[in-house]
Amino acid sequence: LHQISRGFWRDHIHWHEGGLALSRDQGRRRAEAPRLNNIGWAYRATGRPAEALALYEEALPIMREVIDRAGEAATLANMAVLLAQMERAPQAIARLIEGTAVMRDT
């Protein structure tokens, strides 16, 4: 949070990329997906929407694989916000509906 509150996005990305590499090296899928989300969030905040969306799309099947329903819903919500910002309303609405259904089932 310190990095975000101070606007140190490069540091935020750097820390999470390091954690992502470590998670992948150790085969820790449950730790990998939140790192992807966090990097995606930083990319969205720094004006890199296509890269952010790619990371969210990478995180989503991992969340499903490890059965992290809250993480899955958060990823879908992140995607919905980003897609809305990218003026892709139909896709944003679809992700929002999907995320709502996931939360309802948990």
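**A buried alanine and its surroundings**

Tutor: Let us begin with Ala 59, which has 0% relative accessibility and therefore counts as buried. Please bear in mind that the model is predicted.

Student: In which helix does Ala 59 lie?

Tutor: The chain has six helices and zero strands, and along the sequence they follow the pattern α-α-α-α-α-α. The helix that spans residues 49–65 contains Ala 59, and this is helix α4.

Student: Which residues does Ala 59 touch, not counting residues up to four places away in sequence?

Tutor: A contact requires heavy atoms within 4.5 Å. With residues up to four places away in sequence set aside, the partners of Ala 59 are Ala 33, Leu 36, Asn 37 and Thr 75.

Student: How far apart in space are Ala 59 and Tyr 43, C-alpha to C-alpha?

Tutor: In sequence, 16 residues separate Ala 59 from Tyr 43. In space, their C-alpha to C-alpha distance is 14 Å.

Student: What is the geometry of the pair formed by the rings of Trp 9 and Trp 41?

Tutor: The structure holds one aromatic pair. The ring centres of Trp 9 and Trp 41 lie 5.5 Å apart, and the cut-off for pairing is 6.5 Å. Planes over 60 degrees apart count as edge-to-face. Because the planes of Trp 9 and Trp 41 stand at 65°, the pair is edge-to-face.

Student: Which helices does this pair link?

Tutor: Trp 9 and Trp 41 are 32 residues apart, and their pair links distant parts of the chain. Trp 9 belongs to the helix of residues 9–25 and Trp 41 to that of residues 29–45, namely helices α2 and α3.

Student: How does Trp 41 count in terms of accessibility?

Tutor: Values under 20% are buried and values over 50% are exposed, with partly exposed in between. Trp 41 has 29% relative accessibility, so Trp 41 counts as partly exposed.

Student: Why does the radius of gyration of the chain agree with that of a compact globule?

Tutor: The C-alpha trace spans about 35 × 30 × 20 Å along its principal axes. For 106 residues, a compact globule would have a radius of gyration near 13 Å, so there is agreement with the value for the chain, 14 Å.

Student: How far apart do the centres of the positive and negative side chains lie?

Tutor: The chain has 14 positive and 13 negative side chains. The centres of these two sets are separated by 3 Å.

Methods:
Residues numbered from 1 in each chain as written. Predicted model: local features only at pLDDT ≥ 70, side-chain atom pairs only at ≥ 80, totals over all residues. Heavy atoms only, no water. Helix = DSSP H or I, 4+ residues; strand = E, 2+ residues; numbered from the N terminus. Rg over C-alpha atoms; globule rule 2.2 N^0.38 Å. Lys, Arg positive; Asp, Glu negative; His and termini not counted. Charge placed at Lys NZ, Arg CZ, Asp CG, Glu CD. Phe/Tyr/Trp six-rings, centres within 6.5 Å; stacked < 30°, edge-to-face > 60°. Buried < 20%, exposed > 50% of the residue type's maximum accessible area, 1.4 Å probe, protein only.
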